[in-house]
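Hi,

Here is the structure I promised to pass along. Please have a look at it first, and then read on for what turned up.

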Amino acid sequence: MKTKTVFVCTECGNEFPKWMGKCTACNSWNTLVEETVITKQPGKSSRSGMKSDAISALENAGDSAVPEHLKNISTTDEIRTGTGLSEFDRVLGGGLVAGSLVLLGGDPGIGKSTILLQICQHIGKTQKILYVSGEESLRQIKLRADRLGVDSDNIKIFSETNTENILECISREKPDILIVDSVQTMFNPNVNSAPGSVSQIRDVASMLMRIAKTYSIATFLVGHVTKEGSIAGPKVLEHIVDCVLYFEGDQNRSYRIIRAIKNRFGSTNEIGVFEMNSSGLSEIKNPSSAMLSGRPQGVPGSCIVCTMEGTRPVLAEIQALATPTAFGNPRRMTTGVDFNRAMMLLAILEKRAGLHLSSYDTYINVVGGLRMVEPAADLGIIIALASGFKNKPVPEEIAAVGEVGLTGEIRSCSFLESRIIEAEKMGFKKIIVPYMGAKDRKKFKNIEICQYSNITQVMKDIF
Ligand SMILES: Nc1ncnc2c1ncn2[C@@H]1O[C@H](COP(=O)(O)OP(=O)(O)OP(=O)(O)O)[C@@H](O)[C@H]1O
Ligand SMILES: [Mg+2]
């Protein structure tokens, strides 16, 4: 055995003998980190040697290298366990699948350990849980458990970071559910680099994956995130696991959103909405009313849109402020809305609706910490901006949905009917929708459906 220093790309996992500013394999900048790896003694590694190795492997192939016919592989429905939080089950695709590996990432203090300890209480009624913490002492976890009211007999806590001891503990305890908090603090003493380094994370994650699959233990890995918001460590970590969940939300607000980024057992479009309070995270079954609570009445620069989060329509408030620019270049800021999309909408307003926003600073904000990525929010952003600019409020009972094109046309969007139903349910009296799409308008008794094909007409009618 011999050690050597290599430089590993955190994006693609390729190794290089020397440091470079740019990874030549995946072209990303500043991603090479120094790692010490243990290598086997250099043997006969010439090309001819490799060839003869391959041929001898071919000749000596045993029974273990036999593939299975696809049609002969028997399947049963995945066994799913409810976590006790239906919002969390929804994100997991209908519950926790036995033997699955779930990575939960999120900012510090967002509530990762809290939610995992909370679900232990429900799962602990029927299954054995091993909670391995590399970050907190047993006393700290107990204090949190007391605060959350978690007292199930089936939960065992182990404060450890060495994976050899953890393996031993797993083989002794044989849990049904394993929680590892966090993957960045665990280390394998046989890998010669610090905990949290690319090779350690890769090693720990693949070891846990093998255990999860072999012994059918549903495993949760907590992952730290980097300053940019992605999970710290190599990209391969996200490839190894079955499900990647991100815990989002503003630290200063109590709403928290769990979003699936990857899910081998369900859709990735679902979100779960929670509220953090002293007794832990509570579910928000009706996100629309939570997002609209405390909405200012009769003030300019606010518009309600109905956005889809997976298959679920959520009403949210978009706020916009336009103030005259004090310096040469106007300042533009967006929170919760894609910056480039917002710039495009500003240009459309300027050109197609004749609002001279180029000499105004503009600020756009989605209330409640939601991120609006779908184009159906365009019309709401445009109306909020125009309302902020003209200083005229949008009538309170109006919601808007629709994508806006460069010529100022309002284009159809998906799930229009579910959006209208949600707006009607939340007491809105009017909804502005694209001309195409809303076919059975008469179906809706309590909401007036106003169809528009161009933003000029919308501007005329509202303001
Ligand atoms: N007594 C309390 N009352 C209300 N909220 C609390 C209380 N104690 C903790 N919290 C909330 O719980 C959060 C910490 O949760 P938790 O420890 O689960 O976060 P985490 O994501 O695991 O953080 P880390 O990355 O540091 O492990 C705090 O930021 C705070 O919002
Ligand atoms: Mg924690």
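The shell around ligand 1 divides into six charged, six polar and three nonpolar residues. Please keep in mind that this is a predicted model. Altogether 15 residues surround the ligand, and the closest are Gly109, Lys112, Ser113, Thr114 and Arg144.

As for secondary structure, at least two shell residues each come from helix 3 (112-123), helix 4 (138-148) and strand 13 (271-277). Helix 3 gives the largest share, three residues.

Several polar contacts may interest you. An N or O atom in the side chain of serine 113 is 2.6 Å from an oxygen atom of ligand 1. With glycine 109 it is a backbone N or O atom that lies 2.7 Å from a ligand oxygen, while arginine 144 places a polar side-chain atom 2.8 Å from an oxygen atom of the ligand. Ligand 1 on its own exposes 650 Å², and the protein buries 66% of that.

I also looked at the cysteines. The disulfide count is zero, with a cut-off of 2.5 Å between sulfur atoms. Cysteine 26 is partly exposed, at 31% relative accessible area. Cysteine 450, in contrast, is buried, at 11%. Its sulfur is also too far from a partner for a bond, because the closest cysteine sulfur, in cysteine 303, is 12 Å away.

Best wishes

Notes: Residues are numbered from 1 along each chain as its sequence is written. Chains are lettered from A and ligands numbered from 1 in the order in which they are written. This is a predicted model: local features need pLDDT of at least 70, side-chain atom pairs count only at pLDDT 80 or more; totals for chains, interfaces and linings use all residues. Side-chain values use heavy atoms; hydrogens and water are left out. A residue is near a molecule or strand if one of its heavy atoms lies within 4 Å of it. A polar contact is a pair of N or O atoms within 3.5 Å; within protein, one must be able to donate a hydrogen and the other to accept it, and residues adjacent in sequence count only if both atoms are side-chain atoms. Accessible areas come from the Shrake-Rupley method with a 1.4 Å probe; for residues, only the protein chains shown count as cover. Helices (H or I, at least four residues) and strands (E, at least two) are DSSP runs, numbered from the N terminus. Ala, Val, Leu, Ile, Met, Phe, Trp, Tyr, Cys and Pro count as nonpolar, Asp, Glu, Lys and Arg as charged, and the others, Gly among them, as polar. Buried means under 20% relative accessible area, exposed over 50%, partly exposed in between (1.4 Å probe, protein chains only).
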